[in-house]
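I opened this entry to record what I looked up in one structure. The notes run from the whole chain down to single residues.

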Amino acid sequence: CRKMAKSKFEYVRNFEVQDTCLGNCWVVVRVDGRNFHRFAEQHNFTKPNDVRALQLMNRCAQNVMEELDAICLAFGQSDEYSFVFHKKSNWYKRRASKFMTHVVSQFASSYVFYWKEYFPDVPILYPPGFDGRVVLYPSEQNLKDYLNWRQADCHINNLYNTTFWSLVHKGGLTPVQAQIRLKGTLAAEKNEILFSDFNINYNNEPLLYRKGSVLIWQKVNEVSKKRIKLPNEADEKEVEVSRWRNEIVELHCDIIGDQFWEEHPSILSD
Ligand code: ATP
Ligand code: ATP
Ligand code: MG
Ligand code: MG
Ligand code: MG
Ligand code: MG
């Protein structure tokens, strides 16, 4: 009979490996666009920063935070986004594959779903893919240092790219010449090239490019007007009702240093 057949085959389930994330650790999932160097080229992203592409990434991350459980912070730059699940989260019994695959598939489908809102006049030429990884951080300091690392990466790449593309677009150098010009230069020298050759003060470049994007939940008080009928009165009356609602806010600020965490003490609290 069918029931016996099912139990006969069911032993194969034991081939599945257990992948529970260690308790009380912060779970970070990072996704990164697959071969986005090519994707950016094929879809004519503006260099060094295509603002539409960055906003689309932020829109996708917002969808991931809204759809999935217990993400307390997300940080994005370039073609990557990191999602922090609260250390107390017991979502899907903390199975790593659930955390990772839900994030990466929700993100990838959002990228295609929201594409035309950000690129109304650019057809998407092929379905993009994203990789994903899970990393556990056992202390709050480890987690903060992870985020510091990603923001420092954003800064270093953006300073390089801003200088590189200034040399190409405004300085008339070929990409190879620009690469040679920048080889071995320190941050101070890149700042100097930008300032003296192109009159660009790097610190005045948009924060979105220099700092990346942080998404966090914030409680907002929502006031709306409602018409109600009181039992003792004949007519309907308009009253104001207010309620607290959780909303995602997008920030472009330093997360390196204490100020961000002092200003938002509840992000990592229980
Ligand atoms: P991999 O598959 O290994 O991740 P990759 O080509 O995606 O390869 P990354 O190191 O992830 O390499 O770099 C992403 C690349 O995507 C950048 O170097 C840049 O060329 C491009 N890119 C991503 N976002 C933007 C953007 N907003 N504007 C312009 N270019 C972008
Ligand atoms: P979970 O997130 O746990 O996977 P789920 O709702 O996706 O929850 P599944 O056990 O994966 O639960 O079952 C998928 C459900 O999707 C089915 O029970 C059925 O209702 C629906 N479904 C999937 N494919 C089809 C289909 N081709 N036609 C009709 N219904 C479908
Ligand atoms: Mg890479
Ligand atoms: Mg990539
Ligand atoms: Mg990348
Ligand atoms: Mg299902």
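The entries below follow the order in which I looked things up.

**Basis.** I am working from a predicted model, in which local features need pLDDT of at least 70, side-chain atom pairs count only at pLDDT 80 or more, and totals for chains, interfaces and linings use all residues. Residues are numbered from 1 along each chain as its sequence is written, chains are lettered from A and ligands numbered from 1 in the order in which they are written, and side-chain values use heavy atoms, with hydrogens and water left out.

**Whole chain.** I noted nine helices and six strands in the protein chain; these are DSSP runs numbered from the N terminus, helices being H or I of at least four residues and strands E of at least two. I then looked up the radius of gyration, which is 24 Å, whereas a compact globule of 270 residues would have one near 18 Å. That radius is taken over C-alpha atoms, and the globule rule is 2.2 Å times the number of residues to the power 0.38. Along the principal axes, the C-alpha trace spans about 70 × 70 × 45 Å. Of the 270 residues, 39% are buried (buried is under 20% relative accessible area, exposed over 50%, partly exposed in between; 1.4 Å probe, protein chains only).

**Cysteines.** I searched for disulfides (pairs of cysteine sulfur atoms within 2.5 Å) and found zero. For Cys21, the nearest cysteine sulfur is that of Cys25, 8.5 Å away. Cys21 is buried, because its relative accessibility is 5%. Cys154 is also in no disulfide, and the nearest cysteine sulfur, that of Cys253, is 12 Å away. Cys154 has a relative accessible area of 4% and so counts as buried.

**Asn63.** I placed Asn63 in helix α3, residues 51-67. Its relative accessibility is 8%, so Asn63 is buried. Beyond its neighbours within four places in sequence, Asn63 touches Gln106, Ser110 and Tyr114 (contact means heavy atoms within 4.5 Å).

**Backbone.** Most residues other than glycine have a negative phi, and most peptide bonds are trans. I looked for exceptions. The peptide bond from Lys47 to Pro48 is cis, with omega near 0°, and Pro48 sits in the loop between α2 (36-42) and α3. Lys93 has a positive phi, near 50°. I found Lys93 in the loop between β3 (80-85) and α4 (96-118), and Lys93 is exposed because its relative accessibility is 64%. Asn199 also has a positive phi, of about 60°. Asn199 lies in the loop between α7 (187-198) and α8 (207-211); at 66% relative accessibility, Asn199 is exposed.
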